[in-house]
Amino acid sequence: MTGAGVPDPTAPLTPSGNLRRRQIVSRLAETGATLAALLAVAVLVIVTYTVLVRGANALSLEFLVKGEPAGIGPAIVGTALVVALATVIAMPLGILIALYLTEFAGNRLAGSVRLTMDLMNGLPSIIVGLFIFGLLVYHHQDSVYAGSIALAIIMLPLIARGSQENLLLVPGSLREAADALGVSRWRTVLTVILPSALGGIVTATMLAVARAAGETAPLLILDSIVNNAKYSFNITEAAPNIPMTIYQLSEEANPEGFTRAWGAGFVLLAFIVLASLGARVLLARNRRKMAS
Amino acid sequence: MDRFGDRVLYGVCAFAALLGVTVLLLLGYQVFHGAAPAISKFGLGFLYKTSWQPNFHIFGAGSLLFGTAVTSFMALLLGAPIAVAIALFLSLLAPAGVRGMISPLVEMLAAIPSVILGFWGILILAPFVHEHLEPFLHETLGFIPLFGPPETTGASVFTAGLILTIMVIPIIASISRDLFLTVPREIQDAASALGATRWEVVRGVVLPSTASGVVAAMLLGLGRALGEAIAVTQVLGAGSEIHTSLFRTGDTLAARIAEQFTESLASPLYLGSLFYLGAILLVIGLIFNLGARWIGRRFDYQRKVA
C-alpha cells in the first residue's frame, strides 16, 4: 500500500506547481527581452530602408553636383567644409585634453576636467548654438566658422573621452622601456604613447565626425541664412549644408521637395553609416594589434 | 632642452584643459546674458505663465515646460523598459555571435541624425499613428483623458513622444548593457545553483546590484529627450496650450527655440525670451546630468565595497 504523499516513481520528470509557474515566468521574460531587441533592430531597419529606397529615387549625378532646385551639390560641399573645420578645431584640443588627463593632471584637477567634459557631452546642441550666436554672430552675420565652432564643442568631449580611453590602453611596459632608456617625458609622449594610441584616437574622431555631420540645431541658428543654389567656399559667410536642407524641405509641404529631402537624407545617412562602420573596423583591428 | 620640452607639453595640455573649462563657463554666462532682457522683464513668473504672444510682447514658458515634461516622460516610460530588456538580452541571453551583430545595430540607432528621424516621423510615422494607433487607443482607452479624440492633422504630442522614445532607447540600452556585463559571473552562478530561474537571477541579482547605474542611464536618456529640438519641431504641431490629451498639439522648450529663432531676431525681448528658454533648459539639463553622475558614483562605491 502506498501513501498518498509518495510520488509515483514511474511518472515523467516534468516540473509542476510552483516550479512550473516560475519557469513559465522566466521563459516569458526571456521572450520579452528578445522581442525588445528585435523591435529596436526593426525600427532601425524600417527607418534606414525608407531613407534608402525613397532617397535612391532622387539620386543622380545631377542631384549630387547641381544646386537647388535640381540638386544638393552646394549643401554637400558646405557640410564637408563645416565639419572639416570643426574637426580641425576639436581634434587637437581633444587629444591635448586627453593627454592632460592621462599624463599630467592630479586627481582633483582631472576630476573637474572630466566633469566639464561630461557636462559638455550632455549639453543640448541647440544651447551650444545659442551660445555661439551670442558670442560671435549677434549683430554680425551667419557664417561657416561659427557653425564649425559650435560643432567642435559638440565633438570635443567625444574625442577627448575616446582618446583618453585609448591612451590608458597603451601598455605600461612601453612607457617603462622609454623611461629605462632615459627618454624625457615629452619625447615619450610624442614618439611612443601617441603613435601607439593613434588608431583609437582616429576611431574616436571618426565617430565624432559622424555625430557632427548630422547636427542640425546649431546650424539652424548659426549657418542658415543661405542661398541653396550657389556653391560657397568662404568660411566667413554662411554656406548651404545637408541637415538644414532636409530641415527646410521638411517644413514646406511640397512633394518635390520631399523627394529631394529623402535624397539628401540618403547622402547624409550613407556618410554616417560608412564613417561609423569604418571606425568600428579600425577599432577591431586596433584591439587585435594591442592584444598581440 | 628636455626639461623645456616637458614644460611646453605640459603647458599646452593644461591650456587645452583650461580652455575646455572656460568654454563651458562662458557658455553658461552667454546664455544667461542673452536672456537678461527677458529675465528683467518677466522674472520668475515666466516659468508658469502660459501665454506666448510675440506680437504683444507677452512671453511665458508654462505650456512649453508642460510639453517638455510630457514628451520626455512619455519617452522614458516607453523607452526605459524596452531599453533595459534589450540590455538584458544583449548581456545575458544572446550568444556571443548574436550580441556582436545586434549591439552595433542598437548603437547605430543612436547615430541616425535627428533631422532624418524627424523627417521620417512626419511622413511615415505620423500618418500611421494618426490613422491607426490614435483611433485605436481612443476607442479602447478613451475613458482616460490622456487618450482624447485624434486631431485632424497628424502632428501630436504622442508622435513626438514616440520619436523621442526611439532616441532614448539606444542610450539607455548601451549603458545598461555595459553595467550588466560587470555583474560578477560567480554571484549569478551562485543564484542559479540555489535553483533560481534565469528571470529570478535577473530580478534577484543583476538588477538590484546595478539599479543605481540603470537609473543614472535613464537620467542621461531623459536629458537627451529634454534637449532634442529638431525632430520634435518637425513632428510636433507647435501648439501653445496645455491639453490633457496626448493626441493634440503641444510644444517643448528646445523645439520653440528652433521654430521661432529666425523671427525673434527682430525684437530683443523676443530673442531674450528664447534665450530664457535656453537658460531653463540648461539648468534642467545640468541638474539631470549631475544627478546621473551622483547616482552613478554611489554605484561605483557599492561595487567597490562588494
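Modeller: Here is the helix pair, with the chain and the interface around it.

This is a predicted model, where local features need pLDDT of at least 70, side-chain atom pairs count only at pLDDT 80 or more, and totals for chains, interfaces and linings use all residues. Residues are numbered from 1 along each chain as its sequence is written, while chains are lettered from A and ligands numbered from 1 in the order in which they are written.

The mean pLDDT of chain B is 87, and 94% of its residues reach 70 or more; pLDDT is the predictor's confidence in each residue, from 0 to 100. For the complex, the predictor gives an ipTM of 0.89 and a pTM of 0.90.

Chain B has 10 helices and 0 strands. The C-alpha atoms of chain B fill a box of roughly 75 × 70 × 30 Å along the principal axes.

Now the pair. Helix α5 of chain B covers residues 157–182, and helix α7 of chain B covers residues 198–227. Their axes come within 9 Å and cross at roughly 150 degrees. Axes are lines fitted to C-alpha atoms, for helices over the stretch in contact, with angles from 0 to 180 degrees between N-to-C directions. α5(B) and α7(B) are therefore roughly antiparallel, the class for angles over 145 degrees.

Contact here means C-beta atoms, placed from the backbone, within 7 Å. On the α5(B) side the residues include B:Leu164, B:Ile171 and B:Phe180. Those of α7(B) include B:Val206, B:Gly213 and B:Arg224. By class, the contact has 14 nonpolar, 4 polar and 1 charged residues. Nonpolar means Ala, Val, Leu, Ile, Met, Phe, Trp, Tyr, Cys and Pro; charged means Asp, Glu, Lys and Arg; the others, Gly among them, are polar.

B:Arg298 is 85 residues from B:Gly213 in sequence, yet 8.4 Å away in space, C-alpha to C-alpha. B:Arg298 lies in helix α10 (residues 268–305) of chain B. B:Arg298 is partly exposed, because 14 other C-beta atoms lie within 10 Å; buried takes 20 or more, exposed 12 or fewer, and partly exposed is in between.

Last, the partner chain. 65 residues of chain A are in contact with 71 residues of chain B. Helix α1 (residues 17–58) of chain A gives the largest share of chain A's side, 19 residues. That side divides into 45 nonpolar, 14 polar and 6 charged residues.

Conventions:
Helix = DSSP H or I, 4+ residues; strand = E, 2+ residues; numbered from the N terminus. Contact = placed C-beta atoms within 7 Å. Parallel < 35°, antiparallel > 145°, perpendicular 65-115°, else oblique.
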